[in-house]
Amino acid sequence: MATLKDFRNNVKPNWCPGCGDFSVQAAIQRAAANVGLEPENLAIVSGIGCSGRISGYINAYGFHGVHGRSLPIAQGLKMANRELTVIASGGDGDGFAIGMGHTVHSIRRNIDITYIVMDNQIYGLTKGQPSPRSAEGFKTPKNAPGGSIESALAPLEIALSAGATFIAQSFSSNLKQLTSLIEQGLNHKGFSLINVFSPCVTFNKVNTYDWFKENIVDLEEFPDYDPSNRVMAMTKLMETNGMLTGLIYQDKVKKNYEELVYGFKQESLAGQDIKITEEEFDKL
Ligand code: SF4
Ligand code: MG
């Protein structure tokens, strides 16, 4: 059985020292080992951005795609090989700007993949422009000295509205929680969205580690919170301005895309008195 070290390779990340993405890499490696995966059963697809390099830093199949397109690749991979565990990953610019259409449609399609977003609320790779997650008024010295005039996107509220079956949020400084949420996402039989506050220490001087520590509201504070209650999830997200961490919502009942495709195939063959097993279906 694979252990943590089996998911490590000898590629040295070129992230800046202190970048939050290091913790996300470590959490994925730990979670993969903890849920009993083998490197040859795991594929990590990433988009473009500093965080997009993550697919090269973990010993598993890796695919570094193009900007905003990690999800179409990940979905195709999963449908072509349903035995594979597929993680898609990228930054907030990648997933919530150019890739937002794919994010919403992957969510409502409910394909069994885990999508991990490293949300640093800025474009880091291109040296610090406001991203869709930057707050209104967010200033960067060279690109937005007068402050961003656009309001920040609320991706978890959008995901909930789009019919997400698993929504979680965590913070790079909380490796224990992040690892646990990735494990739960990997075990969830449907599309799992895990947004991670992952500070960019080089360009974002506003949303720092200290800022997140002061502003995060963890679900541990609400012992009566019920993650199967969609209305409660939306209310709590709005009350906390999206700064909620923990398992925010999970629907364990809704069928995933693969189950529905299999059922559709069975039904279309029903009139012909042909019965196929799931294994035979996979070979079609
Ligand atoms: Fe991380 Fe920011 Fe450096 Fe990119 S520029 S590696 S996001 S700290
Ligand atoms: Mg970013």
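Q: Into which domains is the protein divided?
A: Two assignments apply in this predicted model: domain 1 covers 7-253 and domain 2 covers 254-284.

Q: How many residues does each domain give to the contact?
A: Domain 1 contributes 10 residues and domain 2 contributes five residues.

Q: And the side of domain 1 that touches domain 2, how do its residues divide?
A: Five are charged, three polar and two nonpolar.

Q: What separates the centres of the two domains?
A: Taken over C-alpha atoms, the centres of domain 1 and domain 2 are 32 Å apart.

Q: Switching to the ligand. Which residues surround ligand 1?
A: The shell has Trp15, Cys16, Cys19 and Asp21, then Cys50, Asn120, Gly124 and Leu125, and finally Cys200, Val201, Thr202 and Phe203.

Q: How does that shell divide by class?
A: Around ligand 1 there are eight nonpolar residues, three polar and one charged.

Q: Now helices. At what angle do the axes of α1 and α6 cross?
A: Roughly 50 degrees, with the axes of α1 (residues 21-34) and α6 (residues 175-187) coming within 8 Å.

Q: Left-handed or right-handed crossing?
A: α1 passes α6 in a right-handed crossing.

Q: Which residues make the contact?
A: From α1, the contact takes Ser23, Ala26, Ala27, Ile28, Arg30, Ala31 and Asn34. From α6, Leu175, Leu178, Thr179, Ile182, Glu183 and Leu186 take part.

Q: What classes does the contact of α1 with α6 have?
A: Eight residues there are nonpolar, three are polar and two are charged.

Technical notes
Residues numbered from 1 in each chain as written. Chains lettered and ligands numbered in written order. Predicted model: local features only at pLDDT ≥ 70, side-chain atom pairs only at ≥ 80, totals over all residues. Near = placed C-beta within 6 Å. Nonpolar A, V, L, I, M, F, W, Y, C, P; charged D, E, K, R; others polar. Domains from an automatic or database assignment. Contact = placed C-beta atoms within 7 Å. Axes fitted to C-alpha atoms, helices over the stretch in contact; angles between N-to-C directions. Helix = DSSP H or I, 4+ residues; strand = E, 2+ residues; numbered from the N terminus. Left-handed = near helix turned anticlockwise from the far one by under 90°.
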